Amino acid sequence: MTVSIRAARRTDLQDIVHLWRELWELHASLDPRITAAPDADRVMRDLLTDHYEADDSCIFVAEDGGKLVGYVLGVILTNPPVETEPRFGYVSDLAVTASARSHGVGTKLLA
């Protein structure tokens with residue numbers, strides 16, 4: 001497996017929704033309390049679009065042979081004023097396809 005990491009493009013967003021859905025289905029299989037709204041894929045696409053366009057978010061994808069096999073969504077959040085650091089980074093989503101797991105894809109995405 002030859003994986004490259006790059007910044008997401010707007011044209012990747014629908015494929016990222018499919019990666020998110022695979023992760024969602026895995027979680028739902030482990031916990032029956034996890035259920036998706038009927039329009040979850042559309043809502044996720046809208047959320048990803050908002051993050052893609054935001055200055056305080058970033059989306060990176062892992063690609064193998066032209067196919068997306070993972071993504072990471074990071075955001076910059078603001079601490080409450082009781083903290084000495086005003087802002088911090090947060091990994092909101094990290095998903096890797098079942099076929100690409102155990103190949104270091106998640107580690108590469110986080111790096």
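## Contacts and overall layout

Among contacts in the protein that join residues at least 6 apart in sequence, 55% link residues at least 24 apart, where contact means heavy atoms within 4.5 Å. This is a predicted model, in which local features need pLDDT of at least 70 and side-chain atom pairs count only at pLDDT 80 or more, while totals for chains, interfaces and linings use all residues. Residues are numbered from 1 along each chain as its sequence is written, and side-chain values use heavy atoms, with hydrogens and water left out.

The protein has 3 helices and 4 strands, and read along the sequence these follow the pattern β-α-α-β-β-β-α. Helices (H or I, at least four residues) and strands (E, at least two) are DSSP runs, numbered from the N terminus. Taken along the principal axes, the C-alpha atoms of the protein fill a box of roughly 45 × 35 × 25 Å. Of the 111 residues of the protein, 32% count as buried, a term that means under 20% relative accessible area, whereas exposed means over 50% and partly exposed lies in between (1.4 Å probe, protein chains only).

## How helix 1 meets helix 2

Helix 1 (residues 13-30) and helix 2 (residues 40-53) have axes that come within 9 Å and cross at roughly 125 degrees. The axes are lines fitted to C-alpha atoms, for helices over the stretch in contact, and the angles run from 0 to 180 degrees between N-to-C directions. Helix 1 and helix 2 are therefore oblique to each other, given that angles under 35 degrees count as roughly parallel, over 145 as roughly antiparallel, 65 to 115 as roughly perpendicular and the rest as oblique.

Helix 1 passes helix 2 in a right-handed crossing; a crossing is right-handed if the near helix is turned clockwise from the far one by less than a right angle, and left-handed if anticlockwise. On the side of helix 1 the contact is made by Leu13, Gln14, Ile16, Val17, Trp20 and Arg21, and on the side of helix 2 by Ala40, Asp41, Met44, Arg45, Leu48, Thr49 and Tyr52. Sorted by class, this contact has 8 nonpolar, 2 polar and 3 charged residues, where Ala, Val, Leu, Ile, Met, Phe, Trp, Tyr, Cys and Pro count as nonpolar, Asp, Glu, Lys and Arg as charged, and the others, Gly among them, as polar.

Rings of Phe, Tyr and Trp (its six-membered ring) pair if their centres lie within 6.5 Å, with planes under 30 degrees apart counted as stacked, over 60 as edge-to-face and the rest as tilted. By this rule the count comes to 1 aromatic pair. The rings of Trp20 and Trp24 have their centres 5.4 Å apart and their planes at 40 degrees, so this pair is tilted.

Both Trp20 and Trp24 belong to helix 1, where they are 4 residues apart, about one turn of the helix. Trp20 is buried, with a relative accessible area of 11%, whereas Trp24 is partly exposed, with a relative accessible area of 25%.

## Residues of helix 2

Thr49 lies in helix 2 and, at 16% relative accessibility, counts as buried. When its neighbours within four places in sequence are left aside, Thr49 is in contact with Arg10 and Leu13.

Asp46 is also found in helix 2 and counts as partly exposed at 37% relative accessibility. Glu53, another residue of helix 2, is partly exposed at 48% relative accessibility.

## Residues in the loops

The loop between strand 4 (87-96) and helix 3 (105-110) holds Ser102, which counts as exposed at 79% relative accessibility. Phi of Ser102 is near 70 degrees, a positive value in a residue other than glycine. Gly104 lies in the loop between strand 4 and helix 3 and is partly exposed at 33% relative accessibility. Computed along the sequence in residues, Gly104 is 96 from Ala8, and their C-alpha atoms are 19 Å apart in space; Gly104 and Glu53 are 51 residues apart in sequence and 28 Å apart, C-alpha to C-alpha.

Glu83 is placed in the loop between strand 3 (67-78) and strand 4, and at 43% relative accessibility it counts as partly exposed. Glu83 and Gly66 are 17 residues apart in sequence, while their C-alpha atoms are 43 Å apart in space.
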